[in-house]
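User: Could you take a close look at one helix in this model and at one residue inside it, explaining the terms as you go?

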Amino acid sequence: MENIILIRFGEVFLKKGNRGHFLRILRTALKGALKRTPGLQGWTVEAFHGRFLVRAPADAAAESMGAALAAVSHTFGVVSVSPGMEVPTDYEALSTAAYDLGVREITEGNPRHFRVSASRSYKRFPMKSPEIERTIGARIYETHALPVKLKGADLVVGIEIFEQSSYVFARSIPGPGGLPVGSSGTAVLLLSGGIDSPVAGWMMAKRGCHLVGVHFHSYPYTSTRSQEKVVELARALSRWHGPMMLVSMSITAIQEYLREHTPNEKLVLFYRRTMVRLASRVAEEMQAKALVTGESLGQVASQTMENIAVIGDASSLPILQPLIGMDKMEAVDLARRIGTFEVSIQPHDDCCSLFLPPHPDTRGKVPIIRTMEENLADLGRLEDEAFEAREKNVIGKA
Ligand code: ATP
Ligand code: MG
(Lines give C-alpha, C1' and ligand atoms only; values in the text may rest on other atoms or scores of the structure.)
(Ligands and ions follow the chains in the order given, each with its own letter.)
Protein backbone atom coordinates (compact mmCIF):
# COMPACT_ATOMS: atom_id res chain seq x y z
CA MET A 1 0.00 0.00 0.00
CA GLU A 2 2.95 2.35 0.58
CA ASN A 3 4.39 4.17 -2.42
CA ILE A 4 7.08 6.44 -0.94
CA ILE A 5 9.93 6.28 1.56
CA LEU A 6 10.97 9.18 3.73
CA ILE A 7 14.73 9.21 4.40
CA ARG A 8 16.13 10.97 7.46
CA PHE A 9 19.80 11.81 7.79
CA GLY A 10 21.56 13.15 10.85
CA GLU A 11 25.21 13.97 10.87
CA VAL A 12 25.36 15.03 7.23
CA PHE A 13 22.97 17.72 8.18
CA LEU A 14 25.31 19.09 10.85
CA LYS A 15 28.22 19.73 8.52
CA LYS A 16 27.10 23.23 7.70
CA GLY A 17 29.81 24.32 5.29
CA ASN A 18 29.79 21.09 3.29
CA ARG A 19 26.14 20.32 3.61
CA GLY A 20 25.30 20.62 -0.08
CA HIS A 21 28.27 18.48 -1.02
CA PHE A 22 27.39 15.74 1.51
CA LEU A 23 23.77 15.69 0.48
CA ARG A 24 24.69 15.31 -3.18
CA ILE A 25 26.84 12.30 -2.28
CA LEU A 26 24.09 10.82 -0.13
CA ARG A 27 21.50 11.27 -2.85
CA THR A 28 23.79 9.61 -5.40
CA ALA A 29 24.38 6.75 -2.93
CA LEU A 30 20.64 6.26 -2.44
CA LYS A 31 20.02 6.29 -6.18
CA GLY A 32 22.84 3.79 -6.67
CA ALA A 33 21.50 1.48 -3.95
CA LEU A 34 18.06 1.45 -5.60
CA LYS A 35 19.46 1.04 -9.08
CA ARG A 36 21.57 -1.98 -8.11
CA THR A 37 18.58 -3.73 -6.58
CA PRO A 38 16.76 -5.95 -9.08
CA GLY A 39 13.16 -4.93 -9.79
CA LEU A 40 13.48 -1.27 -8.77
CA GLN A 41 13.55 0.48 -12.14
CA GLY A 42 12.01 3.91 -12.17
CA TRP A 43 12.30 4.66 -8.45
CA THR A 44 13.38 8.27 -7.83
CA VAL A 45 15.06 10.20 -5.01
CA GLU A 46 14.39 13.87 -4.40
CA ALA A 47 15.13 16.43 -1.70
CA PHE A 48 12.17 16.88 0.59
CA HIS A 49 12.01 19.44 3.42
CA GLY A 50 15.36 18.61 5.01
CA ARG A 51 15.04 14.92 4.15
CA PHE A 52 14.86 12.80 1.00
CA LEU A 53 11.79 11.30 -0.54
CA VAL A 54 12.02 8.07 -2.50
CA ARG A 55 9.10 7.55 -4.80
CA ALA A 56 7.95 4.30 -6.41
CA PRO A 57 6.83 4.41 -10.04
CA ALA A 58 3.07 4.09 -10.53
CA ASP A 59 3.38 0.52 -11.82
CA ALA A 60 5.68 -0.73 -9.02
CA ALA A 61 5.03 -4.28 -7.87
CA ALA A 62 3.72 -4.47 -4.29
CA GLU A 63 6.64 -6.58 -3.09
CA SER A 64 9.24 -4.13 -4.43
CA MET A 65 8.74 -1.84 -1.39
CA GLY A 66 10.52 -4.36 0.85
CA ALA A 67 13.53 -4.46 -1.47
CA ALA A 68 13.64 -0.66 -1.68
CA LEU A 69 13.51 -0.34 2.11
CA ALA A 70 16.37 -2.81 2.47
CA ALA A 71 18.45 -0.90 -0.09
CA VAL A 72 18.04 2.55 1.45
CA SER A 73 18.31 1.38 5.06
CA HIS A 74 21.78 -0.04 4.24
CA THR A 75 23.07 3.32 3.01
CA PHE A 76 25.59 5.13 5.23
CA GLY A 77 24.43 8.60 6.23
CA VAL A 78 20.85 7.42 6.64
CA VAL A 79 19.56 7.60 10.22
CA SER A 80 16.10 6.15 9.64
CA VAL A 81 13.61 5.46 6.88
CA SER A 82 9.82 5.37 6.90
CA PRO A 83 7.67 3.78 4.23
CA GLY A 84 4.53 5.80 3.66
CA MET A 85 1.73 6.86 1.37
CA GLU A 86 1.55 9.96 -0.76
CA VAL A 87 -2.07 11.14 -0.95
CA PRO A 88 -3.93 14.22 -2.16
CA THR A 89 -4.15 17.04 0.38
CA ASP A 90 -7.68 16.23 1.37
CA TYR A 91 -9.01 15.15 4.75
CA GLU A 92 -10.81 12.06 3.54
CA ALA A 93 -7.76 10.75 1.66
CA LEU A 94 -5.50 11.42 4.66
CA SER A 95 -7.85 9.85 7.12
CA THR A 96 -8.29 6.70 5.05
CA ALA A 97 -4.54 6.28 4.47
CA ALA A 98 -3.77 6.87 8.17
CA TYR A 99 -6.47 4.43 9.19
CA ASP A 100 -5.28 1.75 6.77
CA LEU A 101 -1.62 2.04 7.77
CA GLY A 102 -2.45 2.32 11.48
CA VAL A 103 -4.70 -0.72 11.44
CA ARG A 104 -2.15 -2.78 9.55
CA GLU A 105 0.52 -1.94 12.13
CA ILE A 106 -1.85 -2.76 14.98
CA THR A 107 -2.64 -6.13 13.42
CA GLU A 108 0.92 -7.01 12.45
CA GLY A 109 3.01 -5.28 15.12
CA ASN A 110 0.94 -5.72 18.28
CA PRO A 111 1.70 -2.27 19.76
CA ARG A 112 0.46 -1.50 23.30
CA HIS A 113 -0.57 2.07 22.55
CA PHE A 114 -0.69 4.56 19.72
CA ARG A 115 -1.04 8.17 18.77
CA VAL A 116 -1.60 10.17 15.62
CA SER A 117 0.87 12.99 15.04
CA ALA A 118 0.04 15.60 12.40
CA SER A 119 2.09 18.52 11.10
CA ARG A 120 0.66 21.09 8.77
CA SER A 121 3.06 23.06 6.56
CA TYR A 122 0.15 24.08 4.38
CA LYS A 123 -1.54 26.48 6.74
CA ARG A 124 -4.65 26.89 4.60
CA PHE A 125 -5.65 23.29 5.19
CA PRO A 126 -9.11 23.67 6.77
CA MET A 127 -8.35 21.69 9.96
CA LYS A 128 -5.66 22.33 12.55
CA SER A 129 -3.21 19.63 13.63
CA PRO A 130 -4.78 18.75 17.03
CA GLU A 131 -8.17 18.35 15.38
CA ILE A 132 -6.75 16.10 12.66
CA GLU A 133 -4.99 14.00 15.30
CA ARG A 134 -8.14 13.70 17.38
CA THR A 135 -10.54 12.76 14.60
CA ILE A 136 -8.24 10.24 12.92
CA GLY A 137 -7.19 8.85 16.30
CA ALA A 138 -10.87 8.39 17.18
CA ARG A 139 -11.48 6.57 13.90
CA ILE A 140 -8.71 4.07 14.65
CA TYR A 141 -9.79 3.74 18.30
CA GLU A 142 -13.39 2.99 17.33
CA THR A 143 -12.46 -0.19 15.55
CA HIS A 144 -9.44 -1.26 17.61
CA ALA A 145 -9.83 0.26 21.11
CA LEU A 146 -6.03 0.51 21.47
CA PRO A 147 -5.11 2.97 24.25
CA VAL A 148 -3.82 6.35 23.13
CA LYS A 149 -0.52 7.52 24.58
CA LEU A 150 0.72 10.99 23.74
CA LYS A 151 4.34 10.50 24.82
CA GLY A 152 6.33 7.36 23.93
CA ALA A 153 3.58 5.49 22.08
CA ASP A 154 4.62 2.17 20.49
CA LEU A 155 2.87 3.16 17.29
CA VAL A 156 2.96 6.68 15.92
CA VAL A 157 0.89 7.35 12.81
CA GLY A 158 2.53 10.41 11.28
CA ILE A 159 0.77 12.83 8.93
CA GLU A 160 2.49 15.64 7.07
CA ILE A 161 0.35 18.07 5.14
CA PHE A 162 1.71 20.11 2.22
CA GLU A 163 -0.10 22.08 -0.44
CA GLN A 164 0.64 19.74 -3.37
CA SER A 165 0.38 16.36 -1.65
CA SER A 166 0.39 14.95 1.84
CA TYR A 167 2.09 11.98 3.47
CA VAL A 168 1.23 9.32 5.99
CA PHE A 169 3.69 7.03 7.83
CA ALA A 170 3.38 4.38 10.49
CA ARG A 171 6.78 2.72 10.62
CA SER A 172 10.39 3.72 11.11
CA ILE A 173 13.38 1.50 10.33
CA PRO A 174 16.84 2.48 11.60
CA GLY A 175 19.65 3.07 9.10
CA PRO A 176 23.35 2.72 9.92
CA GLY A 177 23.98 6.46 10.41
CA GLY A 178 27.48 7.77 9.70
CA LEU A 179 28.53 9.60 6.55
CA PRO A 180 27.86 8.73 2.91
CA VAL A 181 30.55 6.64 1.23
CA GLY A 182 33.07 8.82 -0.58
CA SER A 183 32.51 11.92 1.53
CA SER A 184 35.76 11.23 3.43
CA GLY A 185 37.85 10.18 0.41
CA THR A 186 39.28 6.80 -0.53
CA ALA A 187 41.12 4.29 1.68
CA VAL A 188 42.66 0.90 0.87
CA LEU A 189 41.26 -1.94 2.98
CA LEU A 190 43.59 -4.89 3.60
CA LEU A 191 40.99 -7.61 3.40
CA SER A 192 41.87 -11.07 4.69
CA GLY A 193 39.43 -13.94 5.00
CA GLY A 194 39.10 -13.39 8.76
CA ILE A 195 36.45 -11.81 10.95
CA ASP A 196 38.13 -8.52 11.71
CA SER A 197 39.13 -6.85 8.46
CA PRO A 198 35.61 -6.82 6.92
CA VAL A 199 34.33 -5.24 10.14
CA ALA A 200 37.14 -2.67 10.00
CA GLY A 201 36.17 -1.88 6.40
CA TRP A 202 32.53 -1.49 7.35
CA MET A 203 33.42 0.90 10.18
CA MET A 204 35.53 3.12 7.95
CA ALA A 205 32.94 3.03 5.14
CA LYS A 206 30.47 4.20 7.76
CA ARG A 207 32.75 7.17 8.35
CA GLY A 208 32.51 8.06 4.68
CA CYS A 209 35.53 6.17 3.27
CA HIS A 210 35.25 4.86 -0.22
CA LEU A 211 37.14 1.54 -0.02
CA VAL A 212 39.40 -0.29 -2.41
CA GLY A 213 40.02 -3.83 -1.13
CA VAL A 214 43.42 -5.52 -1.37
CA HIS A 215 43.85 -9.21 -0.71
CA PHE A 216 47.13 -11.13 -0.58
CA HIS A 217 47.19 -14.84 -1.24
CA SER A 218 49.86 -17.50 -1.44
CA TYR A 219 48.46 -19.78 -4.09
CA PRO A 220 49.15 -22.75 -4.30
CA TYR A 221 49.87 -22.86 -0.55
CA THR A 222 46.49 -21.21 -0.01
CA SER A 223 43.49 -22.51 -1.95
CA THR A 224 41.44 -20.77 -4.61
CA ARG A 225 38.49 -21.33 -2.26
CA SER A 226 40.13 -18.88 0.16
CA GLN A 227 40.23 -16.28 -2.60
CA GLU A 228 36.57 -16.90 -3.42
CA LYS A 229 35.79 -16.38 0.23
CA VAL A 230 37.36 -12.93 0.13
CA VAL A 231 35.25 -12.11 -2.94
CA GLU A 232 32.18 -13.14 -0.93
CA LEU A 233 33.27 -10.89 1.92
CA ALA A 234 33.70 -7.99 -0.49
CA ARG A 235 30.21 -8.75 -1.83
CA ALA A 236 28.76 -8.70 1.70
CA LEU A 237 30.46 -5.33 2.29
CA SER A 238 29.24 -4.00 -1.05
CA ARG A 239 25.69 -4.35 0.22
CA TRP A 240 26.47 -1.38 2.45
CA HIS A 241 29.32 0.26 0.61
CA GLY A 242 28.21 -0.11 -3.00
CA PRO A 243 30.41 -1.77 -5.65
CA MET A 244 33.95 -2.27 -4.43
CA MET A 245 37.15 -2.77 -6.37
CA LEU A 246 39.10 -5.76 -5.10
CA VAL A 247 42.78 -6.04 -5.99
CA SER A 248 44.33 -9.49 -5.49
CA MET A 249 48.04 -10.16 -5.36
CA SER A 250 50.07 -13.30 -4.96
CA ILE A 251 52.88 -12.97 -2.43
CA THR A 252 53.98 -16.60 -2.65
CA ALA A 253 57.41 -15.86 -4.09
CA ILE A 254 58.01 -13.14 -1.50
CA GLN A 255 57.05 -15.43 1.36
CA GLU A 256 59.33 -18.19 0.09
CA TYR A 257 62.16 -15.69 -0.20
CA LEU A 258 61.57 -14.24 3.28
CA ARG A 259 61.47 -17.71 4.79
CA GLU A 260 64.95 -18.35 3.44
CA HIS A 261 66.43 -14.99 4.41
CA THR A 262 64.92 -13.78 7.70
CA PRO A 263 64.76 -15.20 11.24
CA ASN A 264 61.70 -17.32 11.64
CA GLU A 265 60.36 -15.52 14.70
CA LYS A 266 60.30 -12.21 12.80
CA LEU A 267 58.78 -13.62 9.62
CA VAL A 268 55.28 -12.29 10.21
CA LEU A 269 56.65 -8.76 10.60
CA PHE A 270 58.33 -8.98 7.20
CA TYR A 271 55.16 -10.41 5.62
CA ARG A 272 53.15 -7.56 7.04
CA ARG A 273 55.59 -4.87 5.97
CA THR A 274 55.47 -6.24 2.44
CA MET A 275 51.67 -6.21 2.54
CA VAL A 276 51.63 -2.65 3.76
CA ARG A 277 54.07 -1.52 1.06
CA LEU A 278 52.12 -3.23 -1.71
CA ALA A 279 48.82 -1.86 -0.38
CA SER A 280 50.40 1.61 -0.34
CA ARG A 281 51.22 1.24 -4.02
CA VAL A 282 47.59 0.42 -4.70
CA ALA A 283 46.68 3.47 -2.62
CA GLU A 284 48.91 5.64 -4.75
CA GLU A 285 47.36 4.26 -7.91
CA MET A 286 43.82 4.85 -6.61
CA GLN A 287 44.61 8.18 -4.94
CA ALA A 288 43.70 6.71 -1.58
CA LYS A 289 44.86 8.65 1.46
CA ALA A 290 45.00 5.87 4.09
CA LEU A 291 45.14 2.12 4.68
CA VAL A 292 42.60 0.24 6.81
CA THR A 293 43.39 -2.96 8.75
CA GLY A 294 41.63 -5.05 11.39
CA GLU A 295 44.14 -5.08 14.26
CA SER A 296 42.95 -5.11 17.84
CA LEU A 297 45.59 -4.28 20.41
CA GLY A 298 47.10 -7.36 22.00
CA GLN A 299 44.87 -9.84 20.19
CA VAL A 300 47.72 -11.83 18.62
CA ALA A 301 51.53 -11.61 18.52
CA SER A 302 51.62 -9.27 15.53
CA GLN A 303 49.26 -6.86 17.28
CA THR A 304 51.42 -5.69 20.19
CA MET A 305 52.23 -1.98 20.24
CA GLU A 306 55.82 -2.70 19.23
CA ASN A 307 54.80 -4.81 16.26
CA ILE A 308 52.08 -2.41 15.16
CA ALA A 309 54.84 0.24 15.07
CA VAL A 310 57.13 -2.03 13.02
CA ILE A 311 54.34 -2.76 10.52
CA GLY A 312 53.23 0.88 10.28
CA ASP A 313 56.82 1.96 9.64
CA ALA A 314 56.63 0.35 6.19
CA SER A 315 54.28 3.04 4.88
CA SER A 316 54.05 6.79 5.09
CA LEU A 317 50.26 6.58 4.90
CA PRO A 318 48.17 6.56 8.06
CA ILE A 319 46.92 3.05 8.90
CA LEU A 320 43.40 3.28 10.26
CA GLN A 321 42.62 0.49 12.72
CA PRO A 322 39.06 1.02 13.86
CA LEU A 323 39.00 -2.25 15.87
CA ILE A 324 42.07 -1.32 17.89
CA GLY A 325 40.12 -0.91 21.14
CA MET A 326 37.55 -3.63 20.59
CA ASP A 327 37.33 -7.07 22.16
CA LYS A 328 36.91 -10.06 19.89
CA MET A 329 33.30 -10.50 21.01
CA GLU A 330 32.48 -6.93 20.04
CA ALA A 331 33.95 -7.47 16.58
CA VAL A 332 32.01 -10.74 16.28
CA ASP A 333 28.74 -9.04 17.26
CA LEU A 334 29.27 -6.37 14.64
CA ALA A 335 30.27 -8.96 12.03
CA ARG A 336 26.96 -10.75 12.66
CA ARG A 337 25.00 -7.56 12.39
CA ILE A 338 26.56 -6.50 9.08
CA GLY A 339 26.34 -9.96 7.51
CA THR A 340 30.03 -10.87 7.16
CA PHE A 341 30.33 -13.32 10.07
CA GLU A 342 28.80 -16.32 8.31
CA VAL A 343 31.28 -15.90 5.46
CA SER A 344 34.27 -15.23 7.70
CA ILE A 345 33.84 -18.41 9.76
CA GLN A 346 33.99 -20.68 6.74
CA PRO A 347 37.29 -22.55 6.85
CA HIS A 348 40.14 -21.00 4.88
CA ASP A 349 43.88 -21.09 4.82
CA ASP A 350 45.61 -17.93 5.81
CA CYS A 351 48.72 -16.82 3.96
CA CYS A 352 50.03 -15.20 7.13
CA SER A 353 50.33 -18.45 9.00
CA LEU A 354 52.51 -19.88 6.25
CA PHE A 355 55.90 -21.09 7.55
CA LEU A 356 55.32 -19.39 10.91
CA PRO A 357 56.93 -20.55 14.16
CA PRO A 358 54.88 -21.28 17.30
CA HIS A 359 56.44 -18.35 19.20
CA PRO A 360 56.80 -15.27 17.02
CA ASP A 361 58.61 -12.16 18.26
CA THR A 362 56.18 -9.86 20.06
CA ARG A 363 58.66 -7.00 20.55
CA GLY A 364 59.89 -6.03 17.10
CA LYS A 365 62.22 -3.04 16.87
CA VAL A 366 61.99 -0.67 13.94
CA PRO A 367 65.75 0.00 13.41
CA ILE A 368 66.62 -3.70 13.55
CA ILE A 369 63.90 -4.73 11.12
CA ARG A 370 64.82 -1.87 8.77
CA THR A 371 68.47 -2.91 8.72
CA MET A 372 67.60 -6.53 8.06
CA GLU A 373 65.24 -5.51 5.30
CA GLU A 374 67.88 -3.34 3.60
CA ASN A 375 69.96 -6.48 3.21
CA LEU A 376 67.20 -8.38 1.43
CA ALA A 377 68.58 -7.74 -2.04
CA ASP A 378 65.76 -9.35 -4.02
CA LEU A 379 62.82 -8.08 -2.00
CA GLY A 380 62.24 -4.91 -4.03
CA ARG A 381 62.21 -6.80 -7.31
CA LEU A 382 59.87 -9.49 -5.94
CA GLU A 383 57.47 -6.82 -4.67
CA ASP A 384 57.55 -5.11 -8.09
CA GLU A 385 56.65 -8.43 -9.71
CA ALA A 386 53.81 -9.09 -7.28
CA PHE A 387 52.42 -5.62 -7.89
CA GLU A 388 52.70 -5.92 -11.68
CA ALA A 389 50.80 -9.22 -11.61
CA ARG A 390 47.88 -7.81 -9.54
CA GLU A 391 44.35 -8.66 -10.57
CA LYS A 392 41.46 -6.25 -10.30
CA ASN A 393 37.76 -7.02 -10.05
CA VAL A 394 34.78 -4.88 -9.17
CA ILE A 395 32.53 -6.72 -6.72
CA GLY A 396 28.85 -5.99 -6.12
CA LYS A 397 27.84 -4.38 -9.39
CA ALA A 398 24.18 -4.76 -10.33
P1 ATP B 1 41.40 -10.72 10.33
O2 ATP B 1 40.34 -11.36 11.16
O3 ATP B 1 40.95 -9.48 9.63
O4 ATP B 1 42.10 -11.69 9.42
P5 ATP B 1 43.26 -11.12 12.38
O6 ATP B 1 42.67 -10.90 13.73
O7 ATP B 1 43.38 -12.50 11.86
O8 ATP B 1 42.48 -10.22 11.36
P9 ATP B 1 45.98 -10.65 11.59
O10 ATP B 1 46.04 -11.95 10.94
O11 ATP B 1 47.08 -10.23 12.52
O12 ATP B 1 44.68 -10.42 12.43
O13 ATP B 1 45.84 -9.54 10.48
C14 ATP B 1 45.80 -8.19 10.83
C15 ATP B 1 45.29 -7.41 9.64
O16 ATP B 1 46.19 -7.51 8.53
C17 ATP B 1 43.97 -7.95 9.10
O18 ATP B 1 42.87 -7.47 9.83
C19 ATP B 1 44.00 -7.45 7.69
O20 ATP B 1 43.61 -6.09 7.61
C21 ATP B 1 45.47 -7.55 7.32
N22 ATP B 1 45.71 -8.83 6.63
C23 ATP B 1 46.13 -10.00 7.17
N24 ATP B 1 46.24 -10.95 6.23
C25 ATP B 1 45.88 -10.39 5.05
C26 ATP B 1 45.76 -10.85 3.70
N27 ATP B 1 46.03 -12.11 3.37
N28 ATP B 1 45.35 -9.98 2.75
C29 ATP B 1 45.04 -8.70 3.07
N30 ATP B 1 45.14 -8.22 4.33
C31 ATP B 1 45.53 -9.04 5.31
MG1 MG C 1 43.52 -13.12 9.89
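Analyst: Leaving aside neighbours within four places in sequence, Met275 is in contact (heavy atoms within 4.5 Å) with Leu190, Phe216, Ile251, Cys351 and Cys352. This is a predicted model, in which local features need pLDDT of at least 70 and side-chain atom pairs count only at pLDDT 80 or more, while totals for chains, interfaces and linings use all residues. Residues are numbered from 1 along each chain as its sequence is written, and side-chain values use heavy atoms, with hydrogens and water left out.

Met275 lies in helix α9, where helices are DSSP runs of H or I with at least four residues, numbered from the N terminus. Met275 has a relative accessible area of 7% and is therefore buried, a word that means under 20% relative accessible area with a 1.4 Å probe, protein chains only.

The 20 residues of α9 (residues 267-286) should span 28 Å at 1.5 Å a residue, and the end C-alpha atoms are 29 Å apart, which agrees; the expected span is 1.5 Å times one less than the number of residues. Just after α9, Gln287 takes a positive phi of about 55 degrees.

Helix α9 also meets helix α10 (residues 305-312): Leu269, Arg272, Arg273 and Val276 in α9 are in contact with Asn307, Val310 and Ile311 in α10. The residues of this contact divide into 4 nonpolar, 1 polar and 2 charged, where Ala, Val, Leu, Ile, Met, Phe, Trp, Tyr, Cys and Pro count as nonpolar, Asp, Glu, Lys and Arg as charged, and the others, Gly among them, as polar.

Note on methods. Chains are lettered from A and ligands numbered from 1 in the order in which they are written. Helices (H or I, at least four residues) and strands (E, at least two) are DSSP runs, numbered from the N terminus. Buried means under 20% relative accessible area, exposed over 50%, partly exposed in between (1.4 Å probe, protein chains only).
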